[in-house]
Amino acid sequence: MSRPLLKASLMAACLVALPLGAWGDKGHRVVSILALRSLPKEPGDWFRGREAEVADHASDPDHWKQDRKEGPRHFLDMEPYGGPDHLPHGQEEAQALLGGDYARRGTVPWIIQDRWRDLVAAFKEGDPAKVALATAILGHYIGDAHVPLHTTMNHDGQLTDQKGIHSRWESGLVERYISVESLSVPTAQPDPAFLKRPWEWLRASYGLVPQLLADDQEADRTTPAGNRGPLRGQAYWTILWDKQGPVVRQQLQLAGQHLGEAVLSAWIAAGKPAAPK
Ligand SMILES: [Zn+2]
């Protein structure tokens with residue numbers, strides 16, 4: 001490879017290594033709407049008239065990425081740890097395994113724990129505006145943990161010649177095919193072990209990666225190789241939705257359910273405060 005070409009490809013590699021947003025704005029909104037829908041009456045009362053506020057702030061953390069520390073809060077790469085069966089549970093353990101720059105490989109499970117504690121504090125403080133905002137922010141990271149490509153170093157298909165799959169899956173499919181009315185979520189149940197759950201979600205998300213990539217490859221056989229810009233033709237979208245649509249729906253519904261459980265559990269941990277009149 002010539003020098004300029006090498007330089008250009010290195011720059012491209014750096015660009016694709018930048019963290020991407022998950023679910024796009026619409027997906028994050030959907031997760032927050034489902035979560036509020038799942039709440040029993042008493043904790044749900046905290047959000048009456050504030051549903052739009054929660055949805056409007058659900059993508060805020062994706063706008064904070066000018067801060068270099070923010071990007072890795074949205075994912076966890078599993079490969080550096082040796083795969084999903086070897087994930088560290090504490091950040092000290094992560095540091096012992098990967099060294100000082102472990103955070104570059106993602107910190108989403110610990111961020112979920114921290115933002116959940118913020119929500120408990122907001123309930124204790126008794127301010128519904130703070131509860132709504134803390135729910136939106138917590139929901140963002142819970143949503144991200146349910147996006148399969150947020151668990152792998154191949155987060156944009158850059159290692160398998162499938163660049164752009166990240167946004168095709170989380171935004172392209174959601175924008176084209178998802179309506180929140182067609183999704184459902186069970187009534188939230190309290191989860192005393194909530195703080196351990198993010199690892200389970202991440203492991204499940206990681207298990208969805210191989211099929212997701214295989215389905216993209218199959219759909220892409222409809223696309224002429226010289227014409228693989230960011231937009232694919234309708235034939236591509238039809239095949240990808242046919243194969244991955246159930247997975248997109250499942251992951252949105254699970255994220256909404258888990259955010260609902262997180263809110264209910266936080267409200268219980270705060271002592272079940274009644275919503276201010
Ligand atoms: Zn994100």
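Trp116, Phe194 and Trp201 form one aromatic cluster in this predicted model, where rings of Phe, Tyr and Trp (its six-membered ring) pair if their centres lie within 6.5 Å, with planes under 30 degrees apart counted as stacked, over 60 as edge-to-face and the rest as tilted. By this rule there are seven aromatic pairs. One of them joins Trp23 and Trp169, a tilted pair with 5.3 Å from centre to centre and 35° between the planes. This pair links distant parts of the chain, 146 residues apart, since Trp23 belongs to the loop between α1 (3–17) and α2 (24–38), whereas Trp169 belongs to helix α8 (residues 165–177). Trp23 is buried, at a relative accessible area of 0%, and Trp169 is likewise buried at 0% (buried means under 20% relative accessible area, exposed over 50%, partly exposed in between, with a 1.4 Å probe and protein chains only).

Charged side chains were also located over rings, the criterion being NZ of Lys or CZ of Arg within 6 Å of the ring centre and within 35 degrees of the ring normal. Arg176 lies over the face of Trp237, at 3.7 Å from the ring centre, while the charged end of Arg232 sits over the ring of Tyr236, 5.5 Å from its centre.

Helix α11 (residues 234–269) has a kink of about 55° at Gln244, shortly before the proline Pro246, the bend being the angle between axes fitted to the seven residues ending at a residue and the seven starting there. Helices (H or I, at least four residues) and strands (E, at least two) are DSSP runs, numbered from the N terminus. After α11 comes Gly271, with a positive phi near 95°.

Residues are numbered from 1 along each chain as its sequence is written, and side-chain values use heavy atoms, with hydrogens and water left out. Local features need pLDDT of at least 70 and side-chain atom pairs count only at pLDDT 80 or more, whereas totals for chains, interfaces and linings use all residues.
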